[in-house]
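The entries follow the display.

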Amino acid sequence: MIPQSCLRGPLARSPRILSNLPRQRYYATSDRTSDRVPTNDPSPPPPVQNVSDSNAVPISAMGLRDEPLQELPEDSEKQRQMQAPNRSEPWSRSQQPRERAMSGPRFEQTIMHLQPQPQAAIELIHKQPVRWTKQRVVSCDGGGGPLGHPRIFINVDKPQINWCTYCGLPFAQEHHRKMLQSLPSTTYPLEPQGAVGEVPESQRVSDEPFAPR
């Protein structure tokens with residue numbers, strides 16, 4: 001510890017004294033959405049044309065179809081409005097919207113109707129029906145195997161839908177079924193609806209540790 005008397009006079013400007021002083025650290029936190037242009041920016045960046053005009057140039061379909069491949073930028077812009085077929089906006093603060101993510105030379109000649117556009121998992125998981133149980137605590141491992149996740153235990157005592165923090169599967173206690181059915185709406189369907197994205201309640205194919213689901 002350096003005495004206070006040494007920090008006065010000429011010694012206060014000594015490099016040796018200054019090097020032994022504890023340095024203050026400054027931490028700055030920034031929002032992940034800080035790259036967005038504020039409304040009062042006097043010089044905002046120009047908008048990015050995410051669909052190249054080269055899509056409008058007809059090219060050979062290489063036998064896939066009789067007519068050449070061609071797509072107008074105006075038509076493809078309409079198809080890119082949605083982030084996924086079942087969701088129009090990003091679902092994460094760090095996720096770029098489609099008009100910013102799908103831009104640049106990587107997406108030259110990308111005819112939209114030939115590109116895969118998977119559905120958003122955040123919407124598909126809310127199509128899973130509630131798993132009813134008579135126990136107070138249930139466990140979930142995502143079905144086991146290499147496609148599963150570490151086993152966690154979920155308390156279902158409260159009269160609500162409790163979901164797995166890994167895969168999002170919903171669980172609820174049978175004792176609270178009538179109360180949940182009386183609600184005007186729930187985040188998960190209480191009974192199977194026959195949707196395409198539903199996963200059967202019995203997911204495990206085998207009891208082996210690394211068996212497929």
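Entry 1, the hairpin. I looked at the hairpin of β4 and β5, with 6 residues between the strands, and found that G168 takes a positive phi near 85 degrees there. Strands here are DSSP runs (E, at least two residues), as helices are runs of H or I of at least four residues, and both are numbered from the N terminus.

I note that this is a predicted model, in which local features need pLDDT of at least 70, side-chain atom pairs count only at pLDDT 80 or more, and totals for chains, interfaces and linings use all residues. Residues are numbered from 1 along each chain as its sequence is written, and side-chain values use heavy atoms, with hydrogens and water left out.

Entry 2, strand partners. I took two strands as paired if DSSP finds at least two bridges between them. Strand β4 (residues 162-163) pairs with β5 in the antiparallel sense over 2 bridges, and N162 has F171 as its bridge partner in β5. Strand β1 (residues 131-133) pairs with β5 in the parallel sense over 3 bridges; T133 has Q173 as its bridge partner in β5.

Buried means under 20% relative accessible area, exposed over 50%, and partly exposed in between (1.4 Å probe, protein chains only).

I searched the whole structure and found 0 disulfides, a disulfide being a pair of cysteine sulfur atoms within 2.5 Å. The sulfur of C140 has its closest cysteine sulfur in C167, 3.7 Å away, which is too far for a bond. C140 counts as buried because its relative accessibility is 4%, whereas C167, at 25%, counts as partly exposed.
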